[in-house]
Amino acid sequence: MNDELVILGSGGGRHHIRTQYRATGGIIYKFNDIQAHIDPGPGAIVRINQFQEDPLKTELFIVTHTHVDHYNDLSAIIESSREILHDRNYNYYKKGTLITTNGMIQYIFDYHINMLENIVRFKAGNTYNYKGVEIIGTKTVHSPKNEGFGIRFKLKDYSLAFTSDTMVYDGFSEEFSGVNILVLNLLRPDSKVCKRHLCTDEVIPFLNKIDPPLNSLIITHFGSYMDSPRSTKNYVPSQVKKFQESSNIKNIVAAEDGLKIKIRELLK
Ligand SMILES: [Zn+2]
Ligand SMILES: [Zn+2]
């Protein structure tokens with residue numbers, strides 16, 4: 001099994017959009033020889049090249065909600081997923097599937113919409129079968145103004161989920177029951193509560209209630225209070241230690257820009 005995650009951006013929120021202290025390019029998820037790009041925020045097209053990944057291989061595009069750190073480079077990523085745009089008669093080649101919210105579609109030019117084979121209007125609770133892999137929308141509690149979803153992939157040998165931006169909520173643990181690997185958008189450290197997002201102390205009790213326990217937790221989408229010049233110190237190592245000591249999860253990984261992680265390492 002060669003499945004892999006590539007972190008094109010471990011930062012989230014408007015300060016990282018501006019400073020790029022942590023990149024905001026989203027995540028590439030490779031499974032069953034399929035390349036998916038999840039939440040291609042600002043700089044995604046730069047990072048995919050910087051970290052020597054191939055944009056031509058992307059065939060599944062997922063945008064979990066209409067915040068700019070999640071969708072900004074989507075059109076560039078769609079256009080870069082093909083070498084030739086159209087034939088001599090300007091018939092555009094169609095390639096790829098976009099899974100996103102109903103509200104997101106209006107922000108994409110028809111020009112790019114027409115390049116896609118499938119557009120899947122998606123929300124929490126929906127299920128979509130992509131080439132034999134079940135993709136499930138998980139609940140998020142984030143922005144009251146725009147809808148979003150987390151996303152869970154059910155493969156033959158394992159299950160992996162991305163929380164997207166969310167707070168914890170009743171039923172959070174059940175949403176990820178049966179998941180082996182969880183990619184958690186963790187904006188803030190310790191008990192530094194952030195409206196609409198998560199901090200470490202809030203989420204640990206919910207993680208510990210996931211049954212059976214996760215094999216691996218990847219923390220990412222850090223906000224500027226985690227370790228940037230706006231932060232008093234680098235909180236990332238102490239958060240990893242806290243998850244190791246206070247949770248029932250075997251492997252804790254802190255995302256870094258450009259980090260490539262083989263799924264088989266996360267299933268141990
Ligand atoms: Zn975000
Ligand atoms: Zn957001």
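Along the chain, the donors of the zinc ion (ligand 2) follow the spacing H-x1-H-x74-H-x22-D. The pair of His-67 and Asp-165 links distant parts of the chain. His-67 sits in the loop between β4 (58-63) and α3, while Asp-165 sits in the loop between β10 and α7. These two residues are 98 residues apart. The model is a predicted one.

Which residues coordinate the zinc ion (ligand 2)? They are His-65 (NE2), His-67 (ND1), His-142 (NE2) and Asp-165 (OD), at 2.1 to 2.3 Å. The four donor atoms subtend angles of 93 to 166 degrees, so the arrangement is irregular. A tetrahedral site would need all angles between 85 and 135 degrees. Cover differs between the two linked donors. His-67 has 23% relative accessibility and therefore counts as partly exposed. Asp-165 has 2% and therefore counts as buried.

The zinc ion (ligand 1) has its own set of protein donors: Asp-69 (OD), His-70 (NE2), Asp-165 (OD) and His-221 (NE2). They lie 2.2 to 2.4 Å from the ion. Here the angles between the four donor atoms run from 84 to 158 degrees, which makes this arrangement irregular. In sequence, the donors of the zinc ion (ligand 1) show the spacing D-H-x94-D-x55-H.

What joins the zinc ion (ligand 1) and the zinc ion (ligand 2)? Asp-165 bridges them, and the ions lie 3.5 Å apart. Asp-69 belongs to helix α3 (residues 68-71), and Asp-165 to the loop between β10 (159-162) and α7 (172-175), so this pair ties together parts that are 96 residues apart in sequence. Asp-69 and Asp-165 are both buried.

Strand β8 covers residues 133-138. Five of its six residues are buried, leaving the strand mostly covered.

β8 pairs with strand β7 (residues 127-130) in the antiparallel sense, over four bridges. Glu-134 in β8 is the bridge partner of Asn-129. The hairpin of β7 and β8 has two residues between the strands. In this hairpin, Lys-131 takes a positive phi near 50 degrees.

Strand β9 (residues 150-154) also pairs with β8. This pairing is antiparallel and has five bridges. Ile-136 stands opposite Arg-152 in β9.

## Strand β12: buried or exposed?

Strand β12 spans residues 216-220. Five of its five residues are buried, so the strand is largely enclosed by the rest of the structure. Its side chains point two ways. Ser-216, Ile-218 and Thr-220 point one way, and Leu-217 and Ile-219 the other way. All of these residues are buried.

β12 pairs with strand β11 (residues 181-185). The strands run in the parallel sense and share five bridges. Ile-181 stands opposite Ser-216 in β12.

## Leu-259

Leu-259 lies in the loop between β13 (251-254) and β14 (260-262). At 27% relative accessibility, it counts as partly exposed.

Which residues does Leu-259 contact, leaving aside its neighbours within four places in sequence? They are Leu-5, Val-6, Ile-7, Val-253 and Ala-254. Leu-259 and Val-141 are 118 residues apart in sequence, and 28 Å separate their C-alpha atoms in space.

## The whole protein

The protein has eleven helices and 14 strands. Its radius of gyration is 18 Å, close to the 18 Å that the globule rule gives for 268 residues, so it is as compact as a globular protein of that length. Along its principal axes, the C-alpha trace spans about 60 × 40 × 35 Å.

Of the 268 residues, 56% count as buried. The accessible surface of the protein comes to about 11,900 Å². Carbon and sulfur atoms account for 48% of that surface. What share of contacts between residues at least 6 apart in sequence join residues at least 24 apart? The share is 60%.

Conventions
Residues numbered from 1 in each chain as written. Chains lettered and ligands numbered in written order. Predicted model: local features only at pLDDT ≥ 70, side-chain atom pairs only at ≥ 80, totals over all residues. Heavy atoms only, no water. Donors = N, O, S within 2.8 Å, 3.2 Å for Na, K, Ca; no water. Tetrahedral: all angles 85-135°; square planar, octahedral: opposite > 155°, others 65-115°. Buried < 20%, exposed > 50% of the residue type's maximum accessible area, 1.4 Å probe, protein only. Pairing = 2+ DSSP bridges. Rg over C-alpha atoms; globule rule 2.2 N^0.38 Å. Contact = heavy atoms within 4.5 Å. Areas by Shrake-Rupley, 256 points an atom, 1.4 Å probe, with all protein chains shown as cover.
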